[in-house]
Amino acid sequence: MTIHGEARVYCPVCQARFKFAPGWKEGDEVICPICGQKLTLRLTGSEWIGERPEKGAETEIRERVDEYARLKGYVFNDMKEELLEGLIAKNRRFGDFYCPCRMEHVPEFMCPCKPTRGGDVERSGKCYCGLFWKGR
Ligand SMILES: [Zn+2]
């Protein structure tokens, strides 16, 4: 399979497509640069999709928020563990990691939520919940 320059990978968490990097191949574990989710590359027909690896709920969300913070240069405070518990509880009850501080359980509010991905932390110094904080 030849990968041309325009190839993109669909992320099922943030529902966006990010650029396929040269050298990637099926089965590789990559990190979505938009939301921080670890994904396994799969080629379905002519489309690359990222598959969420089965690691258990707690590992998945911990890796995602840590990778997202690392990618963006954000930091956490002592509310982190409480908010992670909230995210894990939402996943148990509603089937995915929706924002623990919002009532709507829609894809836009899967953590890191769309407003956060859109620059809320840069604008406000923190995300809606106070999970991600702007670094120094
Ligand atoms: Zn993503």
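1. Beyond its neighbours within four places in sequence, Glu60 is in contact with Gln37, Arg52, Pro53 and Phe97, where contact means heavy atoms within 4.5 Å. Glu60 itself belongs to helix H1 (residues 57-72); helices (H or I, at least four residues) and strands (E, at least two) are DSSP runs, numbered from the N terminus.

2. The model is predicted: local features need pLDDT of at least 70 and side-chain atom pairs count only at pLDDT 80 or more, whereas totals for chains, interfaces and linings use all residues. Residues are numbered from 1 along each chain as its sequence is written, and side-chain values use heavy atoms, with hydrogens and water left out.

3. The side chain of Glu60 makes a polar contact of 2.8 Å with that of Arg52 and a polar contact of 3.3 Å with that of Gln37. A polar contact is a pair of N or O atoms within 3.5 Å; within protein, one must be able to donate a hydrogen and the other to accept it, and residues adjacent in sequence count only if both atoms are side-chain atoms. Glu60 has a relative accessible area of 11% and is therefore buried (buried means under 20% relative accessible area, exposed over 50%, partly exposed in between; 1.4 Å probe, protein chains only).

4. The zinc ion has as protein donors the SG atoms of Cys11, Cys14, Cys32 and Cys35, lying 2.3 Å from it. Donors are N, O and S atoms within 2.8 Å of the metal (3.2 Å for Na, K and Ca); water is not among the atoms, so sites may look incomplete. The angles among the 4 donor atoms are 105 to 119°, and the site is tetrahedral (for four donors, all angles between 85 and 135 degrees).

5. The donor residues of the zinc ion follow the spacing C-x2-C-x17-C-x2-C. Cys11, in the loop between strand E1 (8-10) and strand E2 (17-19), and Cys32, in the loop between strand E3 (29-31) and strand E4 (38-44), link distant parts of the chain, 21 residues apart. Cys11 is buried at 0% relative accessible area, and Cys32 is likewise buried at 0%.

6. The whole structure holds 1 disulfide, a disulfide being a pair of cysteine sulfur atoms within 2.5 Å. This disulfide joins Cys101 to Cys129, with an S to S distance of 2.4 Å. Cys101 is partly exposed at 36%, while Cys129 is buried at 19%.

Definitions and conventions. Tetrahedral: all angles 85-135°; square planar, octahedral: opposite > 155°, others 65-115°.
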